[in-house]
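Look at the pockets of this predicted model and ask what lines them. The paragraphs below take two of them in turn.

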Amino acid sequence: MRLHLLLLLALCGAGTTAAELSYSLRGNWSICNGNGSLELPGAVPGCVHSALFQQGLIQDSYYRFNDLNYRWVSLDNWTYSKEFKIPFEISKWQKVNLILEGVDTVSKILFNEVTIGETDNMFNRYSFDITNVVRDVNSIELRFQSAVLYAAQQSKAHTRYQVPPDCPPLVQKGECHVNFVRKEQCSFSWDWGPSFPTQGIWKDVRIEAYNICHLNYFTFSPIYDKSAQEWNLEIESTFDVVSSKPVGGQVIVAIPKLQTQQTYSIELQPGKRIVELFVNISKNITVETWWPHGHGNQTGYNMTVLFELDGGLNIEKSAKVYFRTVELIEEPIKGSPGLSFYFKINGFPIFLKGSNWIPADSFQDRVTSELLRLLLQSVVDANMNTLRVWGGGIYEQDEFYELCDELGIMVWQDFMFACALYPTDQGFLDSVTAEVAYQIKRLKSHPSIIIWSGNNENEEALMMNWYHISFTDRPIYIKDYVTLYVKNIRELVLACGKMPDTIDLTNTC
């Protein structure tokens, strides 16, 4: 077994015990179907379709009518399992978590035969406390339920009224009720692509062990103060403090090329804690801004944030910071009843020219770094400057946005809702809330993202009555639309996209 052991943080004092250890469970897992008649090895990250193909049990899924021939794959309930030994002494750690960056989609998770949690959202990151069940030698199982069958069950349970569309057009030969599961919407078929509702672990899964405290999230937002004509940087860090007493220390923020170094004193109380830092960039320092392709350079600055805490605990984060402003200009147009709709980047009007970006492959484990760079470089070579990450696909991997930052490609970022109406029961809203808050925190530091968009064509579907809703029933669906996109997603964007003046530690963001 190949070990993926990473020492993440600096050493405690002069000793040799790391303050945090992370052990990746990437690599070979065992996969079996619902009745145990089929067992095979499979890679993580990966999916069942890829594992079957790699073992020669199915042909290329894209060949001829294999989307129909292999429909049985998506209708079965598969289990991923693995036995492993942790290569460090587990008893020395106060807190041990299982981190799942991406599970596709509906699963029950057992760790050493103890159920520790469930997943129902392909777009969320999951963390489970396994401190009391982890051992030196462990077993883990993810028991998946067919997303197709789950979606049908959820739709059937929604008895108050129908939430259309039930199924895609017959010509697409797809699956039904995709709007009831938080999964890549086009995986149930689309007008341009086949139906492959995958199951699997599509991103990293790992064990994290730590003492004293742990940095869960780190994100930042450059802010331009027009009145003072200077740049500032807001940094937000979220900690899990497992120490029984407060943890004090200092934070040093350094951006060498901007001649910026600032030190802050902090004290972390036990529990979940948020640290906000406000970094001022001297107006005497020239800050080069990030520009879209064709309008200037994509200048970025290396930043380090070092937390020096009690007990000799040092936590360091590095990031590249880009400075740019974005304005959406909607103003009256003389002689027209409508408003303008265009963007200014760094105060300069920019003409957006680009394309939709749909997932590069139905099977995400086949999307390599080389493929991403080829496609995105092709965007630049074709003199585009914008991509719209379409709401029927996925929130793209980190590397996609990093390449867009580097290449000067602006991103119109949809949330993953498309060509459908959606339920607004509390369980569905809770799942969406966790998804949206996580994705905003993950992505908001990228200068390439210039706008968050609620969905793809759903308002048009409602107002143009694609689904032949009776006039008397329309208020129900309008209310659902407002509940999901205005009262929930929009409020999360406002709360998470730009840090508020005060922080409620119980807030999702």
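The second largest pocket has a volume of about 1300 Å³. A pocket is an open set of points on a 1 Å grid over the protein atoms alone, where a 1.4 Å probe fits and protein lies on both sides within 12 Å along at least five of seven lines; lining residues have an atom within 4 Å of a point. Points are joined across faces, edges and corners, and the volume is the space filled by probe spheres set on them.

The lining of this second pocket has 38 residues, and Val-326, Ile-450, Ile-451, Trp-452 and Gly-497 are the closest to its centre. Two or more lining residues come from each of β14, β21 (326-329), β27 (449-453) and α9 (474-497), where helices (H or I, at least four residues) and strands (E, at least two) are DSSP runs numbered from the N terminus. With eight residues, α9 gives the most. Because domain 2 (213-322) and domain 3 (352-497) both contribute to the lining, the second largest pocket lies between them; the domain bounds come from an automatic or database assignment.

The largest pocket has a volume of about 1800 Å³. Its lining has 50 residues, with Glu-101, Lys-317, Asp-398, Glu-402 and Arg-442 nearest the centre. The largest share, seven residues, is from β14.

This is a predicted model, in which local features need pLDDT of at least 70, side-chain atom pairs count only at pLDDT 80 or more, and totals for chains, interfaces and linings use all residues. Residues are numbered from 1 along each chain as its sequence is written, and side-chain values use heavy atoms, with hydrogens and water left out.
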